[in-house]
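Here is a short report on one protein model. It covers a helix, the open and closed spaces, and some ring pairs.

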Amino acid sequence: NSKKIKDTCFQKKLFAKEPCFSVKDVVCQIKSRHENATLYNQKKWVKIILSNLEKKLNLELKKIKKIFKKKNWPLSFDLESYIYNHNDLGLQNIILKDNKYYLIDFEYSGIDSIYKLINDFKLHPANKMNKAKEKIWELNLKKNIKLSKKTIEISKTLYPLFAIRWIYVILNPILIKKIKNLKEISKRKENIDLLLYKLFNY
């Protein structure tokens, strides 16, 4: 069963960094980052973003739970969704050599959910995905990995949660002053604007 597999993965340290095996996992990661963000910074632009994100999270969570209940999907993801996830699948970690593509940098990889992989690739700032490219990504997944209609549907339903999570992933290093380079800060702010647009226009 899923509990036994999770326990084995935990003991053998096979999990990806911050794995998401349920709606609750994603929400807990968001809330943890939100708390850190409120502790480290009191700038007006940050307060506005955090306030909007908190409202959006509550709104989307209600919608998601309603859809999951209607479709009879468990809020804890099925075992069939468990995969080995690279967990940083951006174009910066894909290289082309001798007409073959290779993945590099498996620092954060491990057992995770397919829903996180699908949405992370769509939302990763390095991939610069628009709606047309996201559709191509989904079609290729269906063709090459033979994903079920249900898997794609659940992934789309969870998209706003992962978008909110990604905004915090990019925002928090600025707030704790881990990143001080002004050019990098400016780039991250641009990525946050893009993700906010995706979140409120998906």
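Which helix gives the most to the lining of the largest pocket? H6 does, with seven residues.

## About the model

The model is predicted: local features need pLDDT of at least 70, side-chain atom pairs count only at pLDDT 80 or more, and totals for chains, interfaces and linings use all residues. Residues are numbered from 1 along each chain as its sequence is written, and side-chain values use heavy atoms, without hydrogens and water.

## Helix H6

H6 runs over residues 149–175 and has 27 residues. Helices (H or I, at least four residues) and strands (E, at least two) are DSSP runs, numbered from the N terminus. From first C-alpha to last, H6 reaches 39 Å, close to the 39 Å expected at 1.5 Å a residue. That expected span is 1.5 Å times one less than the number of residues.

H6 has a kink of about 45 degrees at Tyr 159, shortly before the proline Pro 160. The bend is the angle between axes fitted to the seven residues ending at a residue and the seven starting there. H6 is mostly covered, with 22 of its 27 residues buried. Buried means under 20% relative accessible area, exposed over 50%, and partly exposed in between (1.4 Å probe, protein chains only). Just after H6, Lys 177 takes a positive phi of about 60 degrees.

## Pockets

A pocket is an open set of points on a 1 Å grid over the protein atoms alone, with protein on both sides within 12 Å along at least five of seven lines; a cavity is a set where a 1.4 Å probe fits but cannot get out; lining residues have an atom within 4 Å of a point. Points are joined across faces, edges and corners, and a volume is the space filled by probe spheres set on them.

The largest pocket holds about 1000 Å³. Its lining has 32 residues; Trp 166, Val 169, Ile 170, Pro 173 and Arg 188 lie nearest its centre. Helices H2 (23–40), H4, H6 and H7 each give two or more residues to this lining. By class, the lining divides into twelve nonpolar, seven polar and 13 charged residues. Ala, Val, Leu, Ile, Met, Phe, Trp, Tyr, Cys and Pro count as nonpolar, Asp, Glu, Lys and Arg as charged, and the others, Gly among them, as polar.

The second largest pocket has a volume of about 420 Å³. Of its 16 lining residues, Lys 122, Lys 131, Glu 134, Tyr 159 and Tyr 202 are closest to its centre. H5 supplies the largest share of this lining, six residues.

## Cavities

The whole structure has two cavities of 30 Å³ or more. H7 gives four residues, the largest share of its lining.

The second largest cavity has a volume of about 40 Å³. Among its lining residues are Phe 77, Tyr 115 and Ile 154. This lining has six nonpolar, no polar and two charged residues.

## Aromatic pairs

Rings of Phe, Tyr and Trp (its six-membered ring) pair if their centres lie within 6.5 Å; planes under 30 degrees apart count as stacked, over 60 as edge-to-face and the rest as tilted. The count comes to five aromatic pairs. One of them joins Phe 77 and Tyr 115 edge-to-face, at 4.9 Å centre to centre and 80 degrees between the planes. Phe 77 lies in the loop between helix H3 (44–71) and strand E1 (82–85) and Tyr 115 in helix H4, so the pair ties together parts 38 residues apart in sequence. Both Phe 77 and Tyr 115 are buried.

Ring pairs also link Phe 15, Phe 21 and Tyr 82 into a cluster.
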